[in-house]
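I opened a new notebook page for this structure. My plan was to look up a few places in turn and write down what I found.

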Amino acid sequence: MGIINTNKEVSATRIQCNDTFQVRLSLTAAPTITNNPTDIVLVLDRSGSMSGSALANLKNGAKAFIDIIDEATDGVKDGQIGSGSRIGIVSFATTATKDTQMITSVSDLKAAVDGLSAGGDTNHADAFTKAMELLSQPCGNAKVIVMFTDGKTTVGGNASPIAAAARAAGATIYCIGLSGSDGFDAAALYDWASKPSSSYVVITPNDAELEDLFADLARNISKPGATNITINDMINPCFRVISVARPTKGVASMLNATSVQWRIDQLGTTQQEGAVLEFTVEHVGSCTGDVAVNEAVYYSDNEGNAVTFPSPRLDVECDVVLPETCPTPVDLAVDGCEDTVEFAAGDLGMESLGRIVQLDVRLRNVCPNKRVALAAILTEVDNAGVEHKRGMKTMAIPAHTRATCRDVTVRCIKFVLPESLDVTGSPTAICNRRNFRARFIAHYIDNDYDCCPSNDM
């Protein structure tokens, strides 16, 4: 059955700037359908909204699916599903119908598909019920339901508990959705499908793609596990990989600060088998707000399995801006048997004794996606109340990407105040009380204002 399940998860949904979190990659593979006989029920939507090209392309897709399973089960396209596997057809509109039993005749299956006609409402609950009635026949085969639909439930009640009962009974549920303008409910498909649902749901707005989608699914179901697997996981440059744990199967290593490669010789070739890799990631960039963890995930194997990993997202909170960095330290070492050490620390220009004033300011109600121009102006006040200029700093505060306006704290705006500028009357001392005044100016850099164009007429 090839790769039947893939997932990518993160250990947190929200982090602060420079926090770390864990990324978990997992995949499951199962042996070929010839070694793992499977009962498959195609559950096909024939409601009124399927009339026209949608129903025609659905029929082509279902028949392509049947042909691929036919050949995969015994190596030849001979009109019979082999190796103990079977297929059944359920169609649904206002109610559901078992159009076939669990059978092996390709011609009978295709005849049932060709006989479908569109009309009526959409009853997903009855569709799942009829599918499970077919799969409930005593049999040791694996159970698969392929649900296709193009609309939301309009009659028959909630299908979620019936789909959940089917999964609990051992059925694997795949969902194929044809989205349109008539209230398509993608969330329902993700709820019905096996978990992680991102590995078992595919949605397309174009009915012309249905034949390819059904064919791809049939190939994945019938493939013999996977061999020579390579996964290259590239994370968003706003993060960096700081460590990679030993995977449960295969080997993994860092390619660079933002890429991890995972190799597995074989997976699921004799029985269903899973593998997991975890690595630790640190936030290092300026990205804030809702940030995708993935840059890209590339998968390959000898069998050509079609695999998609989900793209988890994190809410990164970076409301504190540090426009200036601390001085660069100088490293030195003292050996264990040395009492003293002389070390050339390099050149450092000394101007005078003095003090450093470090200012923090909170910008109130900064709107999303707007940079702020900020100026800080410092003066020193003498004993007569006269102000003396001590410096001005201007800086651009990066835009935040949160959904609403919020306060942004700007920290560590530094002014160097040599003691020779002391206006208290004793510039040689360093313990005098010195008085200062700080002023701030802030405005948006980004705005939607445009001057009126000149009129050349």
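Is Asn18 buried, partly exposed or exposed? I looked it up: Asn18 counts as partly exposed, because its relative accessibility is 47%. My scale calls a residue buried under 20% relative accessible area, exposed over 50%, and partly exposed in between, with a 1.4 Å probe and protein chains only.

Before going on, I noted the ground rules. This is a predicted model, where local features need pLDDT of at least 70 and side-chain atom pairs count only at pLDDT 80 or more, while totals for chains, interfaces and linings use all residues. Residues are numbered from 1 along each chain as its sequence is written, and side-chain values use heavy atoms, with hydrogens and water left out.

**Entry: two asparagines.** I stayed with Asn18. It is in the loop between β2 (14-16) and β3. Helices (H or I, at least four residues) and strands (E, at least two) are DSSP runs, numbered from the N terminus. The phi of Asn18 is near 70°, a positive value in a residue other than glycine. I found a positive phi at Asn228 too, near 50°. Asn228 lies in strand β10. With a relative accessibility of 42%, Asn228 counts as partly exposed.

**Entry: the open sheet.** Next I traced a sheet. Four strands make it up, in the order β1-β3-β14-β11, and the sheet is open with antiparallel pairing. I count two strands as paired if DSSP finds at least two bridges between them. β1 (2-10) and β11 stand at the edges with a single partner strand each, so one side of each has no neighbour in the sheet. Neighbouring strands here are turned by 25° against each other on average, direction ignored. For that angle, axes are lines fitted to C-alpha atoms, for helices over the stretch in contact, and angles run from 0 to 180 degrees between N-to-C directions. Lys8 stands opposite Leu25 in β3.

**Entry: around β13.** I moved on to strand β13 (residues 259-267), which pairs with β10 in the antiparallel sense over eight bridges. Ala226 faces Leu267 of β13 there. Strand β12 (residues 251-256) also runs antiparallel to β13, joined by five bridges. Met254 has Val260 of β13 as its bridge partner. β12 and β13 form a hairpin, and two residues lie between them.

**Entry: the disulfide.** How many disulfides does the structure hold? I found one. A disulfide here is a pair of cysteine sulfur atoms within 2.5 Å. The partners are Cys238 and Cys287, with sulfur atoms 1.6 Å apart. Cys238 is in the loop between β10 (226-235) and β11 (239-244), and Cys287 is in the loop between β14 (273-283) and β15 (289-292), so the pair ties together parts 49 residues apart in sequence. Cys238 counts as buried at 6% relative accessibility. Cys287 is partly exposed at 25%. I looked up two other cysteines. Cys337 is exposed at 82%, while Cys412 is buried at 18%.

**Entry: the cores.** A nonpolar core is a set of buried Ala, Val, Leu, Ile, Met, Phe, Trp, Tyr and Cys residues joined through side-chain atoms within 4.5 Å. The largest one has 64 residues, and Leu42, Leu44, Phe65, Ile87 and Ile145 have the most contacts inside it. Helix α1 (residues 53-74) gives the most to this core, with eight residues. A second, separate core has 31 residues, including Ile15, Phe21, Ala275 and Val291. I then listed what Phe65 touches, not counting residues up to four places away in sequence: among them are Ile40, Leu42, Ile87 and Phe214. Contact means heavy atoms within 4.5 Å.

Entry: Which side chain does the side chain of His124 make a polar contact with? I found Thr149, at 2.8 Å. A polar contact is a pair of N or O atoms within 3.5 Å; within protein, one must be able to donate a hydrogen and the other to accept it, and residues adjacent in sequence count only if both atoms are side-chain atoms. His124 is in helix α3 (residues 124-135). It counts as buried, at 0% relative accessibility. Last, I looked up Ser105, in the loop between β6 (96-98) and α2 (106-114). Ser105 counts as buried at 13%. Its side chain has a polar contact of 3.1 Å with the side chain of Ser107.
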